[in-house]
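Work through the exercises below with the sequence and the model open. Each task is followed by a solution in steps.

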Amino acid sequence: MTREEVHADIRETLGLVPEFFESVPDSLIDTEWRSFKTLVLSETAIPNKYKELIGLGVSGATRCKYCAYFHTEAAKLFGATDEEINEAALVAKNTMGWSTYLNTLQFDYDRFVHEFDQIAEHVRSQMAVPV
């Protein structure tokens, strides 16, 4: 699509063409809009609410205030509650904390994988319903 066609589709979808899309070069505008529209706005394998909660966690980890605002408000548009938004932030905090700890102390990765595989097998066995 041409820039004009992309802008028309953006306007129809969002009500306006945000500045950040106006700044995308002509050679990329069609690709960037299609990617955004497909991944962020369309129902895919991951429901939109969950995608936005993931985006919120990532935005907290990357310290991006633009992303944090966007993903918080988009999560609400897709039905996320304040409690779910808070929990997503706490999960991101927990993940970042453990990541910092594991990487700083340089635990053996192969051992980590082996131990987690054992944990997963144990949990699966506990979840199995007797026939």
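## Exercise 1: Two loop residues

Gln-106 sits in the loop that joins helix H6 (82–105) to helix H7 (109–127). The model is predicted.

Solution. 

Step 1. Most residues other than glycine have a negative phi.

Step 2. Arg-63 is found in the loop between helix H4 (48–62) and H5.

## Exercise 2: The fold and its extent

Task: State how many helices and strands the chain has, and set its radius of gyration against that of a compact globule.

Solution. 

Step 1. The chain has seven helices and zero strands. In sequence order the pattern reads α-α-α-α-α-α-α.

Step 2. For 131 residues, a compact globule would have a radius of gyration near 14 Å, but this chain has 20 Å. The C-alpha trace spans about 55 × 45 × 30 Å along its principal axes.

Step 3. Of the 131 residues in the chain, 24% are buried. The chain exposes about 10,000 Å², and carbon and sulfur atoms supply 60% of that area.

Step 4. Among contacts with a separation of 6 or more, 36% join residues 24 or more positions apart.

## Exercise 3: Aromatic pairs

Task: Classify the ring pair of Trp-33 and Phe-36 and the ring pair of Tyr-101 and Phe-107.

Solution. 

Step 1. The structure holds seven aromatic pairs. In the pair of Trp-33 and Phe-36, the ring centres are 6.0 Å apart and the planes are at 25°. Stacked requires planes under 30 degrees apart, so this pair is stacked.

Step 2. Trp-33 and Phe-36 are three residues apart in helix H3, so about one helical turn separates them. Trp-33 is buried, with a relative accessible area of 1%, and Phe-36 counts as buried at 17% relative accessibility.

Step 3. The rings of Tyr-101 and Phe-107 have their centres 5.6 Å apart and their planes at 45°, so the pair is tilted. Tyr-101 is partly exposed at 41% relative accessibility, and Phe-107 is partly exposed at 45%.

Step 4. Ring pairs also link Phe-20, Phe-21, Trp-33, Phe-36 and Phe-70 into a cluster.

## Exercise 4: Two cysteines and a histidine

Task: Explain why Cys-64 and Cys-67 are too far apart for a bond, and decide whether His-71 is buried or exposed.

Solution. 

Step 1. The sulfur of Cys-64 is 3.1 Å from that of Cys-67, its closest cysteine sulfur. A disulfide needs the two sulfur atoms within 2.5 Å, so the distance is too far for a bond.

Step 2. Cys-67 is in no disulfide, and the structure holds zero disulfides. With a relative accessible area of 30%, Cys-67 is partly exposed.

Step 3. His-71 belongs to helix H5 (residues 65–77). Its relative accessible area is 16%, so His-71 is buried.

Step 4. Not counting residues up to four places away in sequence, His-71 touches Glu-52, Gly-55 and Leu-56.

How values were computed:
Residues are numbered from 1 along each chain as its sequence is written. This is a predicted model: local features need pLDDT of at least 70, side-chain atom pairs count only at pLDDT 80 or more; totals for chains, interfaces and linings use all residues. Side-chain values use heavy atoms; hydrogens and water are left out. Buried means under 20% relative accessible area, exposed over 50%, partly exposed in between (1.4 Å probe, protein chains only). Helices (H or I, at least four residues) and strands (E, at least two) are DSSP runs, numbered from the N terminus. Contact means heavy atoms within 4.5 Å. The radius of gyration is taken over C-alpha atoms; the globule rule is 2.2 Å times the number of residues to the power 0.38. Accessible areas come from the Shrake-Rupley method with a 1.4 Å probe; for residues, only the protein chains shown count as cover. Rings of Phe, Tyr and Trp (its six-membered ring) pair if their centres lie within 6.5 Å; planes under 30 degrees apart count as stacked, over 60 as edge-to-face and the rest as tilted.
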